[in-house]
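Subject: Structure handover and notes

Dear colleague,

Please find the structure below, together with its sequence. My notes on what was found in it follow directly after.

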Amino acid sequence: MNIIEELRQNKNLSNEQFKLLLETDTYKDELFKQADIVRQQVYGKDVYLRGLIEFTNYCKNGCYYCGINCTNKNIQRYRLTKDEILQCCKDGYALGYRTFVLQGGEDPFFTDDIICDIVSAIRKNYKDCAITLSIGEKSKESYLAYFKAGANRFLLRHETANEEHYKKLHPESLSLKKRKQCLFNLKEIGYQVGSGFMVGSPYQTIENIIEDFRFLQELKPDMIGIGPFIPAQNTKFEKFEHGKLNLTLKIISILRLLFPYALIPSTTALGTIDPQGRELGLKSGANVVMPNLSPTKYRNLYTLYDDKICTNEEAAECRGCLERRVSLAGYKVVTDIGDVKNL
C-alpha cells in the first residue's frame with residue numbers, strides 16, 4: 001500500500017509521512033487525483049455557493065497579519081446597516097444563494113442584541129437558507145444567543161495550532177487556548193463549525209502544519225477553510241512573501257482525504273495569487289466557493305490582504321463569472337443550502 005492509499009483508507013498518516021507529502025512532489029499528482037475522486041464520491045460535481053457579506057471592517061484586535069487590525073490607521077472604516085445587510089441577502093437569494101455568511105472584524109458596535117436582531121430578520125425572510133457567522137471570539141452565552149436567533153453555522157479559523165507560532169502572529173491580548181475553546185463551545189451548542197489556517201504565514205514550519213492537521217482531527221470540523229497567507233499593507237508582515245500555491249493545493253487534497261465529508265472552500269486568496277487558483281483548488285478536492293455579496297462601494301475597504309480580486313464586480317456579475325469558471329473546471333454550481341454530509 002502506497003502512502004496515498006494509506007491516507008485514503010486510514011484517514012491518517014504518521015508525522016513523517018505527512019512531512020514527506022508536504023515537502024516533496026513525489027506523490028502530488030496521485031494526491032490530487034485521489035482527493036478529487038473522494039470529493040466526487042461524497043458530493044459529486046456539486047459546488048456550493050456561500051454569499052459573503054463583509055458587514056464591518058472595524059476590529060478591536062491587533063492581529064499582526066490582518067489589514068483591518070485596530071492599529072492600522074490608514075484605512076477607511078465602514079459598517080453596513082441592517083437594511084443594507086438585508087438587501088445583500090435579497091439580491092443573493094434572487095441569484096441562487098442559499099447560504100449567507102456575515103463576516104466582519106470583532107466590532108464592539110455590533111452587540112449581541114444587534115447581531116441577534118439581524119440574524120432573526122434574515123431567518124424570518126429566508127427560512128430555507130443557512131446563516132453563517134464569522135465574527136470572531138465570543139462568550140459561549142453569545143454564541144448560544146446567535147444560535148437561538150437563527151444562525152446555524154460559524155466560521156472561526158484557529159490560524160495555527162502551535163502556541164509559539166500563535167504568539168508570533170498575535171498580540172499578547174489574544175490566546176490560542178481561548179480560540180480553541182471557542183471552537184469546542186460552538187460544536188457543543190450545535191453549530192456546523194468551520195476552522196482552518198493560513199498556508200505560508202510568517203514563521204510557519206512544516207511541523208506547524210502537521211500540528212494543524214492533528215488539531216483538526218481532534219476538532220472534527222464540518223468546514224475547513226485554508227488559503228495562502230497574503231501580506232497586507234501597513235501591517236507588521238507587509239514585506240513577507242505570500243504562501244505558495246503548490247503547498248496550499250496539496251494541503252487541500254490532504255484535508256479532503258482526512259475529512260471526506262468536509263466542506264472545503266476554494267478561496268478568493270487562491271485566486272488572488274494565481275489566475276487559475278480557485279479552479280485548481282476545486283480540482284484538488286475543494287467543493288465550496290464564496291463570492292462577495294457586499295455592496296461594491298465597500299469591497300475595497302475590507303482589506304484583509306492586498307490585491308484582493310473581484311472587488312469591483314456586481315453580485316450578479318461575480319456569480320456569473322464564478323459559474324463559468326466552475327463549469328470550465330469540470331464541476332457545477334448548484335442552488336442548494338449545501339449542508340455537510342455526515343458519513
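At 8% relative accessibility, Glu-159 counts as buried, where buried means under 20% relative accessible area, exposed means over 50% and partly exposed lies in between, all with a 1.4 Å probe and protein chains only. Please keep in mind that this is a predicted model, in which local features need pLDDT of at least 70 and side-chain atom pairs count only at pLDDT 80 or more, while totals for chains, interfaces and linings use all residues. Residues are numbered from 1 along each chain as its sequence is written, and side-chain values use heavy atoms, with hydrogens and water left out.

Glu-159 sits in the loop between β5 (153-155) and α7 (163-169); helices here are DSSP runs of H or I with at least four residues, strands are runs of E with at least two, and both are numbered from the N terminus. Although Glu-159 is not a glycine, its phi is positive, at about 75 degrees. Most residues other than glycine have a negative phi. Lys-220, likewise not a glycine, has a positive phi of about 55 degrees and lies in the loop between α9 and β7 (223-228), but with 49% relative accessibility Lys-220 counts as partly exposed.

Two helix pairs come next. Two packed helices are described by the angle between their axes and the distance between the axes. Here the axes are lines fitted to C-alpha atoms, for helices over the stretch in contact, and the angles run from 0 to 180 degrees between N-to-C directions.

Helix α2 (residues 15-23) packs against helix α9 (residues 206-219) at an angle of about 120 degrees, with the axes 10 Å apart. The two are therefore oblique to each other, given that angles under 35 degrees count as roughly parallel, over 145 as roughly antiparallel, 65 to 115 as roughly perpendicular and the rest as oblique. On the α2 side the contact (heavy atoms within 4.5 Å) is made by Asn-15, Phe-18, Lys-19, Leu-22 and Glu-23, and on the α9 side by Ile-206, Glu-207, Ile-209, Ile-210, Phe-213 and Arg-214.

Helix α6 (residues 140-149) and helix α8 (residues 176-189) pack at an angle of about 40 degrees, with their axes 10 Å apart, and α6 and α8 are therefore oblique to each other. Lys-140, Tyr-143, Leu-144 and Phe-147 of α6 meet Cys-182, Asn-185, Leu-186, Glu-188 and Ile-189 of α8.

Arg-179 also belongs to helix α8 and is buried, with a relative accessible area of 14%. Not counting residues up to four places away in sequence, Arg-179 touches Glu-106, Glu-137, Leu-156, Arg-157, His-158 and Tyr-166.

Leaving aside neighbours within four places in sequence, Phe-213 is in contact with Phe-18, Leu-22, Phe-197, Ile-251, Ile-254, Leu-255 and Leu-258.

Finally, Arg-77 is found in the loop between β2 (51-56) and α4 (82-94), and the C-alpha atoms of Arg-77 and Tyr-302, 225 residues apart along the chain, are separated by 8.5 Å.

Best regards
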